[in-house]
Amino acid sequence: MHIAYDAKAVLPNLPLQIEAIACHGNHVLVGTRDSKDGTAQLLDYTIKQKEGSGEYEIDVNKSLKSFSKKPVQQLTCIPEHQILISLSDNVIHVHELSHFTELFTIYKTKGATLFATDLHKTSSASGLVTYHLKMCVAVKRKIQLYDWRNRSFTEITELGVLDVPRSLAWCGHSICVGFKRDYFLIAIKTGELKELFTTGNTTQVEPTITKLSEDLMALGRDNMSIIIDSEGEPAKKYALRWSEVPTVLEHDQPYVIAVMPKYVEIRTVDPRLLVQSIEIKDPKYITSGSGHVYVASQECIWKLEPVPIHNQIKELLKDKQFELALHLANMTEEVEADKQMRIQRIQNLYAFELFQQERFDESMKLFTKLSTDPAQVIGLFTDLLPGDYRNKIKYPSEPAQLKGANLEKGLSALIEYLTQKRQDLQAKGPEAHQPSSIVEGSKTTSSSKQRAQIIDTTLLKCYLETNDALVASLLRLKDNRCHFEESERVLKKHQKYSELIILYYKKEKHKEALDLLLRQSQKVSSPLRGHERTVEYLQKLGASHMSLIEEYATWVLSAHPEDGLTIFTEDNPEVEPLDRRKVLDYLTRAQRKLVIPYLEHIILNCGDGTDDFHNQLIQMYREKIEALMPEFVDSLPEGHSFTRAGSEPGELGELRKKLLGFLETSRFYAPNKLLAFFPKNAFFEERALLSGRAGRHEQALAIYAHLLKNASLAEAYCERHYHPGKDNSKDVYFKLFQTYLDPPDSQSFKAQTHVAEPEKNVGEALKILERHFDKIDTARAFECLPDDIKVSDICIFLKKVLEIKAKQRRSAQVSKSLLYAENLQIRGFHMHYQSARSIIDEDTNCRVCRKRIGNSAFARYPNGVIVHYYCCKDVNKCPGVPS
């Protein structure tokens, strides 16, 4: 409890009995009755506080003995319209407010028992303020509605009700009515009644209805006041509970003042607090207006003088009544900036108190709204900030020490708070405002970058305590700002090595990460056991860290060569830019057997067309084949000199197949350079392919025809290389025909000591003639044929040659005739167009501009129309001719 009002008797011991009171400005109007003769008077007092003292200066302005014939039952001042409404002798009277001259009487209200007014303020776009006044009057079992227009009340409608109303109040577009037993809400437009609830023990007091705002009312039920909205629905979860049953209530923001039989009780709705009890002898009436509150008994009037709001706020803060302090702070009349600063300070203290009460969610939401420095909020929890930094932060009192379930609940609320602050900071960027402080003058973070770092580092710690599965997700964020040393310390403390690797990667501490991976790879219980995580990490480093990749890939390549190779071959954006020459040199030094797989990858999978890589792959194939060849030769049965390349068993056969296939398909190696490395006593098919690529068709065909003695391979070679438009390739079939008839001398094969002497093969030569007669020069072929060849042996060849020659002759004759006919047709067209003429004289005018052609350039359309050349806009459309 605190002191909100000081009660001072301003009109003690009046000689007349008080029946009604009202106030406006410094005026108090008192409706009285003489207890001896029953006559009624209206007294108008001016009550002013003397400057520099708590005493009041009281003047009697008027004493109207003839105000009414009978005692005044109810008074209401409307200073906005300068009128006074009174109820006496059960009729509504309207008076001028300053002189109390009666303006008119509403005789239709005869029999009225009470009335209620509603004053609605509106402002126009131009700033003009108007006040709309409405009044409802209870007349027996009817409620009459009036509207103030043109200095008079105009009746709107009349509503029938179930009983005689005991209390009335406007609420939005409805009227709340209290009967003897029940409360009802009446819709003005439709007259529909909505039953609310009973009035409680009706034997005690009359039902009370107190308007709290435009759409909130407090309805009395026994010693409670139930808060409802304009729809009749409960607006608050709990009712106000009074010490006794109030006789009448008045709302003076933010307080609700209840008149009890022997005292006045003051409470608040939000929060529900008993603020003050003031002993007053036999209070009965209460009124408020213009910031003044008066309470009256039948003989005395007290003024409830509000304690200055600033003093109230100080007391409330001492009592930790922050919600009420905020209500009062919003009511202060001071510079807006100072007012908002005061409110923010109170709210920060309130948020701190909510934390102390373990209402963590409410506390964090309020801290979020206030833009309180995140470091100070984090400091409420022990061990989340470094000790030296936390010691610089001031708090209203020592923050509660949380343990167990309370700590977990608090950390969960803190996580939600930090997540929201993180999003806010990203949205505002470096332009974010300076944060507020829980205690004025306490240390705050100096920059948004520092705040981001504290937030992310604390989130990491919270996740480690509540849900460590989220740690990795936080560390992987692109905009992660975790403090490196502090994060490293707590991750090591909790043995979160996988997450520590993510931290190292994000902070580009790659050497530390790789050292940790190497140490943990040998530990059986470690989540980083094995080589897989090292491979993944190295794959993500990229070309700028090539030296580091080479340093830490060595142990993986030694222990797991195939997996280690994926460090350089994985399909991801970081591996692709690696310098392939450097990788190749490194693999040659570190693990030479992986050179072939790497070259195969970059050439076959990546499509690298670098000549050196293609040459090196061929050389690597050759070297490996040479190393395997002796063992294979030794395993051959006696008398077998060699077998077809690629048909060897095991790895040797696979390698030769790869080599042959690569020599056939690749277009980027240097055959002349490579031929020098391939021995002549082996690699016959390989040498043939290299010779063919080098343009040495005679050597290649000699190998197929005489060394390998494989006519199908020789013929397939010719099919691959034949091209009628190229000088070096158009005679390839002739060269095969020639090599069969005129084999190279034995000196050409002196290195192949185990190969038989080449022999002439007329049969295969004739087959070539028969199958490929159209690709061989007939005259040159006849010159090469042996003198003893029979006509019957070449009969088929001659027939085919003659047939194709005849066909070619006939085709040429047809083409000649067609070309001749076309020539004649074109000459006819030429003569026809030459025969047409146009005569341009002085009278010839342009069809477009109607001007004389004269010596100007002109154009003639096929139909003979003549126009200026510059008037000819469309050569396909003659002017003046319909399209």
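Among contacts in the protein chain (heavy atoms within 4.5 Å) between residues at least 6 apart in sequence, 49% join residues that are at least 24 apart. The structure is a predicted model, in which local features need pLDDT of at least 70 and side-chain atom pairs count only at pLDDT 80 or more, while totals for chains, interfaces and linings use all residues. Residues are numbered from 1 along each chain as its sequence is written, and side-chain values use heavy atoms, with hydrogens and water left out.

The secondary structure of the protein chain comprises 27 helices and 30 strands, where helices (H or I, at least four residues) and strands (E, at least two) are DSSP runs numbered from the N terminus. The chain is more spread out than a compact globule, because its radius of gyration is 55 Å, well over the 29 Å that the globule rule gives for 883 residues; the radius is taken over C-alpha atoms, and the rule is 2.2 Å times the number of residues to the power 0.38. Along its principal axes, the C-alpha trace spans about 175 × 110 × 55 Å.

Of the 883 residues in the protein chain, 47% are buried, with buried meaning under 20% relative accessible area, exposed over 50%, and partly exposed in between (1.4 Å probe, protein chains only). The protein chain exposes about 46900 Å², of which carbon and sulfur atoms supply 48%; accessible areas come from the Shrake-Rupley method with a 1.4 Å probe, and for residues only the protein chains shown count as cover. The protein chain carries 117 positive and 118 negative charges, whose mean positions are 4 Å apart.

Side chains of opposite charge can pair when their charged atoms come close. The structure holds 39 salt bridges, a salt bridge being a side-chain nitrogen of Lys or Arg within 4 Å of a carboxyl oxygen of Asp or Glu. In one of them, the side chains of aspartate 89 and lysine 70 meet at 3.6 Å, N to O. This pair links distant parts of the chain, with aspartate 89 in the loop between β7 (83-88) and β8 (91-96) and lysine 70, 19 residues apart from it, in the loop between β5 (56-64) and β6 (72-78). Aspartate 89 is partly exposed at 28% relative accessibility, and lysine 70 is likewise partly exposed, at 46%.

A salt bridge also joins the side chains of aspartate 468 and lysine 496 (2.7 Å, N to O). Here too distant parts of the chain are linked, since aspartate 468 lies in the loop between α8 (448-466) and α9 (471-476), and lysine 496 in the loop between α10 (484-493) and α11 (497-506), 28 residues apart. Aspartate 468 has a relative accessible area of 34% and is partly exposed.

Elsewhere, salt bridges that share partners join Asp118, Lys134 and Lys211 into one network.

Helix α21 (residues 684-693) is mostly covered, nine of its 10 residues being buried, among them Phe684, Arg687, Leu689 and Leu690. The cover over these buried residues includes α19 (650-665), α20 (671-675), α22 (697-707) and α23 (711-721). Just after α21, glycine 695 takes a positive phi of about 90 degrees.

Positive phi values also occur in residues other than glycine, including glutamate 508, with phi near 60 degrees, and lysine 709, with phi near 50 degrees. Glutamate 508 is found in the loop between α11 and α12 (510-520) and is exposed, with a relative accessible area of 61%. Lysine 709 has its place in the loop between α22 and α23 and, at 54% relative accessibility, counts as exposed.

The bond from glutamine 253 to proline 254 is cis, with omega near 0 degrees, and proline 254 lies in the loop between β22 (248-252) and β23 (255-259). The bond from aspartate 270 to proline 271 is cis, with omega near -5 degrees, and proline 271 lies in the loop between β24 (263-268) and β25 (273-279).

Key
Lys and Arg count as positive and Asp and Glu as negative; His and the chain ends are not counted. The place of a charge is taken as NZ of Lys, CZ of Arg, CG of Asp or CD of Glu.
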